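Student: I would like to learn how to read a helix crossing and a ligand site. Can we work through a case?

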Amino acid sequence: MAQETNLLLKMLKENKGAYVSGQQICDRMGVSRTAVWKHVNVLREMGYVIESATKKGYMLIKEPDILIYDEVEPYLKTKYIGRNYFYFNTVGSTNTQAKALPENTPEGAVVVAEEQTAGRGRTGRAWVSPKGQGIWMSLYLKPDITPQEAPRLTHVAALAVARAIKSAVGISAGIKWPNDIIIDGKKVCGILTELSAEIDAVNSVVVGIGINVNNERFPEGLKDVATSLLIERKKTMPNQNDGVVDRKALLAEVLNNFEKLYEGFLKGDFPDIIKDCKKLSVTIGRPVRVMEKGGGFDALAVDIDDRGALIVKKQDGSTEAVIAGEVSVRGVLGYV
Ligand code: BTN
């Protein structure tokens with residue numbers, strides 16, 4: 001958004017529900033009345049409902065449900081996560097965009113899109129990302145860790161998302177090791193962590209988070225395994241259905257929770273993060289199929305260790321630690 005439009009939006013927001021005179025706006029923006037009117041129309045095209053009246057000026061009535069920084073910022077409590085904000089209406093994949101950010105991009109930058117046309121999931125799958133219905137975003141991080149430790153950020157993000165869903169929407173979600181957030185047996189969010197590294201040093205890590213927020217339905221083939229926060233809220237809180245789930249508050253809460261956990265992670269608190277992930281785990285205690293290149297085996301998920309590896313008990317009674325990123329785990333009883 002142009003700086004002047006941004007300033008106009010700030011003024012209107014500060015006075016939401018009251019008129020701001022054209023003259024006041026002209027003075028603060030240092031532009032003509034015609035220019036002000038043009039900026040008002042830019043905002044209207046973005047979905048802002050702005051009333052205008054001769055002699056009174058302009059009044060902001062309603063903000064649209066969009067994830068631009070100005071809409072998310074009032075909910076944001078972070079120092080650096082999400083403070084560099086790249087917003088797209090449409091993009092191929094926010095992960096691809098984040099991976100292409102220049103090396104001097106500050107840590108904590110985030111790429112957010114209303115729609116992805118080539119959203120990517122794990123193991124080469126597509127990620128359905130319809131316009132305005134979810135949160136499709138990628139965090140750009142530069143942690144001082146080894147490449148082997150990078151998959152741990154998936155756990156950090158999963159815990160941040162589960163906590164944010166609880167605090168912003170009021171729904172308890174579980175974590176399917178390591179990267180899916182589950183409600184009532186269905187997937188509401190997926191995380192795709194991608195690494196750019198030398199053999200022994202990390203350049204950057206991109207943590208992509210896709211949350212189905214206001215989807216009302218899913219395409220054939222996803223229907224049985226995917227859900228959205230709106231669908232789940234309708235099921236569990238029928239009295240609270242006052243329209244859509246607030247994406248901006250949820251997005252900010254994910255970033256707020258992520259920063260807190262990430263700071264702990266960098267200080268070496270990963271075992272504590274895993275302890276909390278385990279409390280929310282829907283994988284532990286379940287039969288799983290560990291998928292490996294050229295095959296796989298059935299086992300029982302029994303624990304998650306301090307490195308974030310899933311401990312599985314094989315049919316011969318032996319245990320094995322399964323590392324995220326190297327194998328995937330599929331539920332044997334339904335999706336989870
Ligand atoms: C999975 O469960 O397979 C991971 C899905 C990750 C989807 C998100 S949406 C934002 C970011 N951009 C992408 O292309 N993918 C991730």
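Student: Which hand does the crossing of α6 and α8 have?

Tutor: The crossing of α6 and α8 is right-handed. A crossing is left-handed if the near helix is turned anticlockwise from the far one by less than a right angle, and right-handed if clockwise. This is a predicted model: local features need pLDDT of at least 70, side-chain atom pairs count only at pLDDT 80 or more, and totals for chains, interfaces and linings use all residues. Residues are numbered from 1 along each chain as its sequence is written, and side-chain values use heavy atoms, without hydrogens and water.

Student: What describes two packed helices?

Tutor: The angle between their axes and the distance between the axes. Here the axes of α6 (residues 152–169) and α8 (residues 247–266) come within 8 Å and cross at roughly 140°. Axes are lines fitted to C-alpha atoms, for helices over the stretch in contact, and angles run from 0 to 180 degrees between N-to-C directions. α6 and α8 are therefore oblique to each other (under 35 degrees is roughly parallel, over 145 roughly antiparallel, 65 to 115 roughly perpendicular, the rest oblique).

Student: Which polar side-chain atom lies 2.5 Å from a ligand oxygen?

Tutor: One of Lys187. A polar contact is a pair of N or O atoms within 3.5 Å. A ligand nitrogen is also 3.1 Å from an N or O atom in the side chain of Thr94, and a ligand nitrogen is 3.5 Å from a polar backbone atom of Asn95.

Student: Which element gives the most to the shell around the ligand?

Tutor: β8, with four residues.

How values were computed:
Helix = DSSP H or I, 4+ residues; strand = E, 2+ residues; numbered from the N terminus. Polar contact = N/O pair within 3.5 Å; in protein donor to acceptor, adjacent residues only side chain to side chain.
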